[in-house]
Amino acid sequence: MARTMPAVDVVFVGVGFTAAIIARELKDASVRMVGLERGRARDTVPDFQSPAMHDELGYAVRHGLMQDVARETVTVRNRPDEVALPMRQLGSFLPGTDLGGAGVHWNGQTFRFQESDFVLRSHHEQRYGRGAVPEELSIRDWGITYADLEPHYDRFEYLLGVCGYAGNVQGNIRPGGNVFEAPRSRDYPNPPTRPAYLGAIFAKAAMDLGYSPFQVPSANLTRGYTNPEGVRLEPCMVCGYCERFGCEHFAKSSPQTTLWPVLRQQQNFELRTGAHVLKVNLTADRRRATGVTYIDVATGEEVEQPAELVVLSAFAFHNARLMLLSGIGTPYDPRTGQGNVGRNYCYQTMSSVSLFFDEDVNLNQFMGAGALGTVIDDYAGDNFDHTGLGFVGGAYIAAYTTGARPIEFHPVPPGTPRWGATWKQAVARHYNHTGGLQCHGQSNATRTNYVDLDPTYRDAYGQPLLRITFDFPQNDLRMSHYVTERAVEIARRMGARQIVANPRTAPWSVVPYQTTHNTGGAIMGTDPRETAVNRFGQSWDTPNVFVTGSTLFPQNATYNPTDTVGALAYWTAAAIRDRYLRSAGPLVPT
Amino acid sequence: MRRAWFAAALAALAAGAALAQTASGPAGGSASARAAPDAERGRRIVENGTSSGAVPCAQCHGVDGSGVGSDAFPRIDGQPAFYIFKQLNDYASGARDNPIMGPIAQSLSETERQDLAAYFGSLPFVASPPPTSDPQLSRTGRVIATMGIPERGVQGCVNCHGPDGAGIAPATPRLAGQWASYTRAQLDAFRQGTRNNDVAAVMRDLSRRMNEGDMAAASAYFEAQRPGRAP
């Protein structure tokens, strides 16, 4: 018999960026809120302090800040006719856990999506004709536009203190910034990073070839900054320990460094850690949520938390899983094409080019930061004419200098022995003279890439694991090959002695790390039969459940998702505060 | 404009790379036009001064670089060579304003500055017995050094200055063993803005959020530390 806690108005499942944002936006609303976090509380002090934080083995290799796959994981396969197996070690992606979620260990690369990304299908059909979108793709419009989201991007970027040079302020194109970007209402709050040496060489080569390089918008701060919440961030020391690590310098924007100091003092919000939510409880007709049931992980006790409103604010696909576990909406079935939860699981289409330079080119990449990069957007999204190319989508090409840490960074040319004296000599020869270009590509949806509940495997609490069925669409492979060839051209211009292209190949493997940019599963849109939530992130089927995060994306764009995740959280928060709390019910009629 | 911006960035980088390269010694590569730094030539300047009028460094800093324990004469033994080189350049240019070191640094050629940096950078830190300091002050200092003052946004000193303040080459100086009076005076100078050659103004920002007691405690703590050489 579950213990029942006093009822609250709002319960959050997972306390990372999106829950913290919405809870702050509801600070003046007369609602009582509780945030349920399966992990523990943690903060810059004492949890992210140096030198312990620079334990590359503990955090980068052994994933000290990530989800424990011995308790809870996913099963994976490439095609619906295969048997999925559990991911028993983290590899391709790294979901976080504990307070702050993956917002603690991200790199800080903070790109907006393009206007066309939000109307992807109609944009392509208008520009290239009705047959232009390959048959295999189930790409969609989002149901919102860039203009809807712009004020919320702005809020999120000022919260984080993003550092960049705007390339388009209210339609004024400004060389030096991203001249391809959608119009922003005002400048970035902080000045851009300065190029690392690799980035400077890249910029020169890119300009020689007619491209428009700019500095990656960075949430590793270039100067001290007090955000609109009154929380102070400090300048980045370029120590090279961002992704997979917490920041000891208060210099990487995270829930802890941007929101938590004020949220922890907010009277109407309670954080409850060690609370692993099993499901959302529904009325018999499934039209209304009554709260959630969670396990107190310290005692193993089942606890019921009644609530008027449930916000699923866990990492990406965990939200889709909770909907499926709870019976919210209808599971998607790729054979029939029916169902609205589980559709359009997407990822990121990554490839790279390695550049081996002569020994007099010292890149010194150990001085790095997660978002320290120089990039071109000329081949992103639909920034270039796709006529006759045979694919939709694109990729940005970036020269990042993120840290070159000693255990994991030891580039050697192909053909080098994998161990022994020759390998060691090659590492010493190439360590400081090898850079990479990254092609960070769009991921388009297909009918057979989706998530559902695994029929066989269960987690530590006895619940079915989420099953991911994913492979790279032929379209995306064609796109990736095309953009990788462009990156090789830039690499040649950069004067590398040896260039090795690492194109994206199928099948998708769960083993090598690619990105933690998992999207889709509980997608937003305008059609209740084919999308899980409406344009505000509100469940069509159970309207007192809202969903946040990249699980809402109908497909993934060229760019890193965090900026759009944050903007959508502000968008959803405004809808809850200004509309739902005044008149509970569906915000979009069905 | 775009080209100008990147061209400026490139030029700055090229200069920076050259500095790092020469300061890190012959292993840094062969592209630099400058002569390789020579610690032995540096030692001769430390002991004898230069014909252009620089007094021997040893007069104030000691032949072993360990200073004399006043707030004006820091220990510079075992400091990262690049840090020494940058300070000499900053003294010479006025970026670090100091009536004694300014003229001395100006009278040194760039080669002499890098030779001196190589010499002091090559010295072992002299592990003299640590001073006996007020245990309460040391405890407070240890907390500030390792965890900072989070409620005022002051990060722990060791996050940048390395475990026990051993320093992190090339740019972050060693604090361990430094005379507390000197460290304290530098924190004051950063706070008042009279020293302003810190990266991204980080020391000026931090010191403004520290009070007198915090500065005394952190300085005393680091004076008593005896870690090994900086990595």
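A salt bridge is counted here when a side-chain nitrogen of Lys or Arg lies within 4 Å of a carboxyl oxygen of Asp or Glu. The model on display is predicted, and the tour begins with a pair that meets this criterion.

**Stop 1: the boundary between the chains**

Select R232(A) together with D205(B). These residues form a salt bridge, with their closest N and O atoms 2.7 Å apart. The rule finds two salt bridges across the interface of chain A and chain B. Polar contacts between the two chains, with both residues at pLDDT 80 or more, number six residue pairs.

The size of an interface is often given as the accessible area lost when the parts come together. For chain A and chain B, the buried area is about 2,600 Å², and carbon and sulfur atoms give 67% of it.

**Stop 2: the nonpolar cores**

Select F12(A), F93(A), V310(A), L312(A), I468(A) and L568(A), the residues with the most contacts inside the largest nonpolar core, a set of 121 residues. A second, separate core has 28 residues, among them F202(A), L355(A), L363(A) and Y379(A).

Return to L312(A) and show its surroundings. Leaving aside residues up to four places away in sequence, L312(A) touches V13(A), V280(A), N319(A), L322(A), M323(A), V545(A), F546(A), V547(A) and T548(A).

**Stop 3: helix α10 of chain A**

Select residues 316-326 of chain A, which form helix α10. Is this helix enclosed or open? Because 11 of its 11 residues are buried, helix α10 is largely enclosed by the rest of the structure. The buried residues of α10(A) include H318(A), N319(A), R321(A) and S326(A), as well as F317(A) and L322(A). Just after α10(A), G327(A) adopts a positive phi of about 85°.

**Stop 4: chain B**

Of the 231 residues in chain B, 51% are buried. Among contacts in chain B with a separation of 6 or more, 65% involve residues 24 or more positions apart.

How values were computed:
Residues numbered from 1 in each chain as written. Chains lettered and ligands numbered in written order. Predicted model: local features only at pLDDT ≥ 70, side-chain atom pairs only at ≥ 80, totals over all residues. Heavy atoms only, no water. Core = buried A, V, L, I, M, F, W, Y, C linked by side-chain atoms within 4.5 Å. Buried < 20%, exposed > 50% of the residue type's maximum accessible area, 1.4 Å probe, protein only. Contact = heavy atoms within 4.5 Å. Helix = DSSP H or I, 4+ residues; strand = E, 2+ residues; numbered from the N terminus. Buried area = accessible area lost by both parts, 1.4 Å probe. Polar contact = N/O pair within 3.5 Å; in protein donor to acceptor, adjacent residues only side chain to side chain.
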